[in-house]
Amino acid sequence: MNTLLSRLKTPEGRLAVIAVLVFVLMASLSPERFLSAANLTSMAFQFPEFAILALAVTVTMLTGGIDLSVVGVSNMSAVVAALILANVAGPELAGSGAVMWLLLSMVVAIAIGAAAGLFNGALVAFIGMPPILATLGSGLIFTGIAVAITGGSAVMGFPTAAAWLGNGKVFSVPVPLILFAVLALAVAFIVRRTAFGLKLVMFGANPLAARFAAVDVNRLLLKVYMLSGALAAISGLLVMSRANSAKADYGSSYLLLSILIAVLGGVNPYGGYGKVVGVVLAVLSMQFLSSGLNMLQVSNFARELIWGVLLIFVMLVNSQQVAALFARRRMS
Amino acid sequence: MKLNLARNEVLVALVILAFCALAAASDPRFLSIPTLTDLLRNGIILGIFSVGAMLVLVSGGIDVSFTAIAAFAMYTTTTFLLEHAPGLPWPVIFAISMVLGALLGCINGVLIAVFRLPTLIVTLGTLSVFRGFLLTFVGSNMISALPPEMRNFSRLMMFRGTNADGSFFSLPWAFAALVIVVVLTWFILHRTMLGRSIFAVGGSVESARRIGIKVTRTQFFVYVYVGALAGLAGIIHASLSRLANPFDLVGLELSVIAAVVLGGARLTGGYGTLTGTLLGVALIVLVQNSLIVIGVPSTFQSITIGILILVGTGLPAWQAKRQAARSA
């Protein structure tokens, strides 16, 4: 009981309570629709694309940086994959040929994402640019490249096999959900169980101390941003498959959303603290909230308002100032 | 005089000159008064925003919510006036919009100065709060029938003229608003204790506190001032485009921050100049409007701005890093 109480005092604990509360609230407001199998599966198809972007932002935030280029990277990789699928493979292709091209386009997209991340990492590590500016500039460039190679229009006409990634099911579990679960576990494993993860968090907590502890900081930063770029590319592939097209300006609202989820998940934007569990809980709360609001026919704009309020509320609750305020009151 | 290439102002000025030379070489009509008035007119809104954003950067923070504040103040003022007092003179309209902007700025100020939350995340949050509130509760329809005084304001011209080919050119008095904002901000930054405090807080919060500067009050002022400037920019934008569009302006914040950092303001705080900021604005406006003149298709606009940001901020960062390595 004591451990349960102390768990509630961590950001993740509070978040778990919020997630459950939102779920119960939405379920009690419109039980027959919110709890329906159709709604639950549609939620499982919707959230993985921005949840994976949130993972990408999370890993960079752990180092005290940020990646504002995730949406640019994801669109650029998706556009290239889409061009391969539409022009080289062609919409009529079926069978094993289509699967092969799908795999190839995925590999190319992820490689491009990683290369874009490498570029970001080099700007941060070797040039010494602040991550906000480096990724702000590079994000514009990546979006610009996607605009330039498509002329700003959508790329479509894929083999039907391409739809499987975003719309398929394995044993009645949506493929995007499986993909997200695998990636979340992988990121959690990297952060918690590998030397790389330890150095990552160490660097985020105190860059100077990490340098003095002989951590190869440049190498670390390159790897972190590569990981972020590759994750962003996977999210781009999901968007491409679900929309059955790719375009330079898809998902532009996802940048705010993914940062919001990372912060909501208790990741410290100054670096050094963050758990994947928190991010997963934050994603779930956001998805419960937004699909519940959808059922209550609340507009998209109100959803944006509620997301913003939620973000600021959680930041206030987690801030030391507010904690100190309550502590003082209890003492007196 | 030795040209100091490490200074962003010099670098940006050289790029602007090169751009103009290239543009003039490919189209001699580029160097003309109509081009200049077009660029100045297009720089008004971006310029006012940038001065505000620069101030925030100097104080050691970053603000991305000002475009949402501008849209909120502009649209709410317009709808309120149309319902209750359509006949108010334009200075009053502008004042209302600025007060609204300042009030929204207060929200940022409280969260950042009092609760010490990270500025980027807070303003990302308030961006969506302001925008969501505006579109949900105030309205989401464009209004083209503006109060008559706003239309009258947009017709006030500093000067107008006719080209050889018979087309008109003019510069609206709205440009004076940018000049006033620049002069006022220069005065605050360089002639008042408040300005010194803003630089000091941006340089080091802890040192500022120890020499007796009221950090909370200074930071609070910065966000309120930026809010008021955003309210002003918003209402001028609506007047000049003769349309109150609640979806407008948001999305401009990246161009604004690009202009400011190109001008040399540092993200780490404590440094930034008005000259640099205005040069940065000029460069961004040039790229956004005249890229086609030097033969670059407009689809390359965002690549160009991205490269400018990376070069403009990367070069000083790299020099600083090399210097640090040499002295270590």
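Keep in mind that the model is predicted.

**Where the chains meet**

Let's start with the interface. Chain A puts 42 residues into the contact and chain B puts in 41 residues. Together they bury an area of about 3,400 Å², and carbon and sulfur atoms give 83% of that. On the polar side, six residue pairs are in polar contact between chain A and chain B, counting pairs with both residues at pLDDT 80 or more.

Which parts of chain A touch chain B with at least two residues each? They are the helices α6 (95-127), α7 (131-150), α13 (254-264), α15 (300-318) and α16 (320-331) of chain A. Of the side of chain A that touches chain B, α7(A) gives the most, with 13 residues.

The search also turns up one salt bridge across the interface of chain A and chain B. In that salt bridge R131(B) pairs with E304(A), and the closest N and O atoms are 3.3 Å apart.

**Rings in chain B**

Now for the aromatics. Over all chains, the whole structure holds twelve aromatic pairs. One of them joins W90(B) and F153(B), whose rings are tilted, with 4.7 Å centre to centre and 50° between the planes. Why does this pair tie together parts that are 63 residues apart in sequence? Because W90(B) sits in helix α4 (residues 90-114) of chain B, while F153(B) sits in helix α6 (residues 148-155) of chain B.

How accessible are the two partners? W90(B) has 28% relative accessibility, so it counts as partly exposed. F153(B), with a relative accessible area of 5%, is buried.

Elsewhere in chain B, F72(B), F133(B) and F137(B) are linked into a cluster by ring pairs.

**Two residues up close**

First up is T119(B), which lies in helix α5 (residues 119-138) of chain B. Is T119(B) buried or exposed? Its relative accessible area is 16%, so T119(B) is buried. Setting aside neighbours within four places in sequence, T119(B) is in contact with G61(B), I62(B), I112(B) and Y223(B). For a sense of distance, T119(B) and L184(B) are 65 residues apart in sequence, and their C-alpha atoms are 24 Å apart in space.

Over in chain A, N75(A) has its place in helix α5 (residues 70-89) of chain A. N75(A) shows 5% relative accessibility, so it counts as buried. Which residues does N75(A) contact, leaving aside its neighbours within four places in sequence? They are A146(A), K247(A), A248(A), D249(A) and Y250(A). The side chain of N75(A) reaches the backbone oxygen of A248(A).

| Side chain | Backbone atom reached | Distance |
|---|---|---|
| N75(A) | oxygen of A248(A) | 3.1 Å |

Methods. Residues numbered from 1 in each chain as written. Chains lettered and ligands numbered in written order. Predicted model: local features only at pLDDT ≥ 70, side-chain atom pairs only at ≥ 80, totals over all residues. Heavy atoms only, no water. Phe/Tyr/Trp six-rings, centres within 6.5 Å; stacked < 30°, edge-to-face > 60°. Helix = DSSP H or I, 4+ residues; strand = E, 2+ residues; numbered from the N terminus. Buried < 20%, exposed > 50% of the residue type's maximum accessible area, 1.4 Å probe, protein only. Contact = heavy atoms within 4.5 Å. Buried area = accessible area lost by both parts, 1.4 Å probe. Salt bridge = Lys/Arg side-chain N within 4 Å of Asp/Glu carboxyl O. Polar contact = N/O pair within 3.5 Å; in protein donor to acceptor, adjacent residues only side chain to side chain.
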